[in-house]
Amino acid sequence: MKQLISLFFLCSVITSASAQADSVKVWNKWCAKKDSFILYNAGNNQIQVYSPTLKPAEIKLKSLDNALRIGKPEIKGDTLSVLAMPFPNKGKTMRLAVLHAKNSKQIKVITFRCDSIPRLVATFGKIKGNEAKRKDILAQGILSVSFPGSLYSYPYTIKGYTFKISTPKGGATIPVKGFFITNDVLKEINAAPDGTVFEITDIKATCPECAVRTLDNIKMKIK
């Protein structure tokens with residue numbers, strides 16, 4: 001009987017520990033897919049941890065490899081956050097241990113991988129490519145920014161741009177502040193003949209704690 005009780009107690013402890021580990025969620029705030037466990041080389045990475053059973057103050061994070069460095073933890077609401085910096089040249093693995101703060105017992109280990117960040121590009125709304133039907137162009141409301149082929153999602157926004165168009169009846173150059181495609185721009189596009197190519201130049205983008213950067217021009221043909 002004592003053996004059965006001991007076995008039952010051991011199974012209960014293992015089941016409880018496993019359930020707690022499964023309930024602890026870890027992700028990079030600036031990765032669009034939360035369960036991908038990607039850190040971006042030369043990017044902004046903020047590892048966040050949430051548990052429905054543990055308070056943030058009851059959790060401790062520890063890097064297990066030289067290829068991963070983490071900053072001082074911060075607590076906001078029910079989430080624990082640390083800045084993370086990958087150094088892939090210092091090792092092949094980047095493991096992060098989630099521990100109990102009181103006794104340093106391990107709850108779970110997350111293995112991150114490193115990815116590079118492609119060049120930031122601007123697009124005319126959701127249009128891909130350099131030509132589109134007039135009605136599709138007129139349906140767009142903003143200039144968008146993205147990192148093509150990447151899950152990196154740090155919040156860059158357009159701060160301003162210049163719209164340029166030339167037709168047999170004349171041309172226009174319209175400076176715009178912000179990321180909206182203004183009515184003046186849409187009027188010029190609507191009045192232009194089929195086959196006209198307009199250009200978006202001097203595209204300025206920025207992000208929190210970032211310097212303003214200039215993106216490549218956009219050229220769009222009206223079909």
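**From one serine to the cores and the pocket**

Leaving aside neighbours within four places in sequence, serine 23 is in contact with Tyr50, Ser51, Pro52 and Thr53, where contact means heavy atoms within 4.5 Å. The structure is a predicted model, in which local features need pLDDT of at least 70, side-chain atom pairs count only at pLDDT 80 or more, and totals for chains, interfaces and linings use all residues. Residues are numbered from 1 along each chain as its sequence is written, and side-chain values use heavy atoms, with hydrogens and water left out.

Serine 23 belongs to helix α1 (residues 2-23). Helices (H or I, at least four residues) and strands (E, at least two) are DSSP runs, numbered from the N terminus. With a relative accessible area of 14%, serine 23 is buried; the terms are buried for under 20% relative accessible area, exposed for over 50%, and partly exposed in between (1.4 Å probe, protein chains only).

Cysteine 31 lies in the loop between β1 (25-28) and β2. Its relative accessibility is 1%, so cysteine 31 counts as buried. Apart from residues up to four places away in sequence, cysteine 31 touches Ser36, Ile38, Tyr40, Leu151 and Ser153.

The next topic is the nonpolar core, a set of buried Ala, Val, Leu, Ile, Met, Phe, Trp, Tyr and Cys residues joined through side-chain atoms within 4.5 Å. The largest such core has 36 residues, and those with the most contacts inside it are Phe124, Ile137, Tyr161, Phe163, Phe198 and Ile200. At least two residues of this core come from each of β2 (38-40), β10 (121-124), β13 (157-167), β14 (170-177), α3 (183-191), β15 (197-206) and β17 (218-222). A second, separate core has 19 residues, among them Leu39, Ala67, Leu80 and Met94. Phenylalanine 198 has contacts beyond four places in sequence that include Phe124, Ile137, Phe163, Ile189 and Met220.

Helix α3 has the buried residues Val185, Leu186 and Ile189. Seen down the axis of α3, these residues fall within an arc of 95°, so they line one face of the helix; the arc is that of the directions from the helix axis to the C-beta atoms. An α-helix has 3.6 residues a turn, so residues three or four places apart point the same way. The buried residues of α3 pack against β10, α2 (134-138), β13, β14, β15 and β17. On the face turned away from the buried side, α3 carries the exposed residues Asn183, Lys187 and Ala191.

Isoleucine 174 lies in strand β14 and is buried, with a relative accessible area of 15%. Beyond its neighbours within four places in sequence, isoleucine 174 is in contact with Tyr161, Thr162, Phe163, Asp184, Val185 and Glu188. Isoleucine 174 and glutamate 188 are 14 residues apart in sequence, and their C-alpha atoms are 9.8 Å apart.

The last topic is the largest pocket. On a 1 Å grid over the protein atoms alone, a pocket is an open set of points where a 1.4 Å probe fits, with protein on both sides within 12 Å along at least five of seven lines, and lining residues have an atom within 4 Å of a point. The lining of the largest pocket has 18 residues, of which Lys29, Gln46, Glu74, Ser81 and Leu83 lie nearest the centre. Each of β3 (46-50), β6 (74-76) and β7 (79-86) supplies at least two lining residues, and β7 gives the most, with five.
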